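Study the sequence and the structure before reading each solution.

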Amino acid sequence: MQSLIIAFAMYSKIPMPRADWNEKNMRYAFCWFPVIGLVIGLVELAVFYILTKWQAGSVFRGVCLMAVPLLVTGGIHLDGFMDTTDARSSYGDMEKKLAILKDSHVGAFAVIGCSFYLILSAGAWSEIDANGIVVMAMAFVLERAFSGLAAVNFKGARKDGMLTAFREPARKRTVTVVLAAEAVISAIVMCYLWLPVGLLCSLGAVLTFVYYYKMAMKEFGGTTGDLAGWFLQTCELVMLMLTVVGKIILA
């Protein structure tokens, strides 16, 4: 229970009771990371059906659906996406990119990248229908299972940082098995809910995960908390776009 509280306290804005952030309690925190995705998915479902019942316009509904993950997480992953966008856009060497990740200032490319991301995301969410929303509800679980697997198993680019603080005390084998099981189960559920689109989204998540590994190792020498945020946001957008594409093709 302490591990769950720590996971939600770190990666969401949901109020949690106080917990001791010690090595014992942080061993299995990553196991609960996908549960945050499940909460986001349930809120997305509720917002979708409420706004649909109220006959809200598709644009307004899309913007509200886009805002849900940001409100639940506090934008922690989008912050990492912006920092990573800035670093990669510098086209500098590895040390320069890592330095940019630690810089608290917001660069022009981060703003441009974030704006483009939000516009594309809002547009895609406005196209989501009743079949697509249930697939996307589980997609939040899948992407966090993959993110946790990367955090525990990928080489770290630094010896310090919040990601390292969570990774070091983790029971690697146990956490990996649990996260892998959560990833498989969420993918199976997505396929059960809407087979062609669920399969397409699962494949998209796997390919994004592979690209994330190659990019992180080549450009940064490992992963960081910011890169983890970049992956989460990118994987979410990829699955969202594939859901919309699937809807168009199968219409």
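**Exercise 1: A pair of helices**

The axes of helix 7 and helix 10 (residues 195–220) cross at roughly 25 degrees and come within 11 Å. Axes are lines fitted to C-alpha atoms, for helices over the stretch in contact, and angles run from 0 to 180 degrees between N-to-C directions. Helices (H or I, at least four residues) are DSSP runs, numbered from the N terminus. The model is predicted: local features need pLDDT of at least 70, side-chain atom pairs count only at pLDDT 80 or more, and totals for chains, interfaces and linings use all residues. Residues are numbered from 1 along each chain as its sequence is written, and side-chain values use heavy atoms, without hydrogens and water.

Task: Classify how helix 7 is oriented relative to helix 10.

Solution. 
1. Angles under 35 degrees count as roughly parallel.
2. Helix 7 is therefore roughly parallel to helix 10.

Task: State which residues of helix 7 meet helix 10.

Solution. 
1. Contact means heavy atoms within 4.5 Å.
2. Val135, Leu142, Phe146, Leu149 and Ala150 in helix 7 meet residues of helix 10, among them Val197, Cys201 and Phe209.

**Exercise 2: Glu143**

Task: Determine whether Glu143 is buried or exposed.

Solution. 
1. Buried means under 20% relative accessible area, exposed over 50%, partly exposed in between (1.4 Å probe, protein chains only).
2. Glu143, which lies in helix 7, has a relative accessible area of 0%, so Glu143 is buried.
3. Leaving out residues up to four places away in sequence, Glu143 touches Phe231, Leu232, Cys235, Glu236 and Met239.

Note on methods. Helices (H or I, at least four residues) and strands (E, at least two) are DSSP runs, numbered from the N terminus. Angles under 35 degrees count as roughly parallel, over 145 as roughly antiparallel, 65 to 115 as roughly perpendicular and the rest as oblique.
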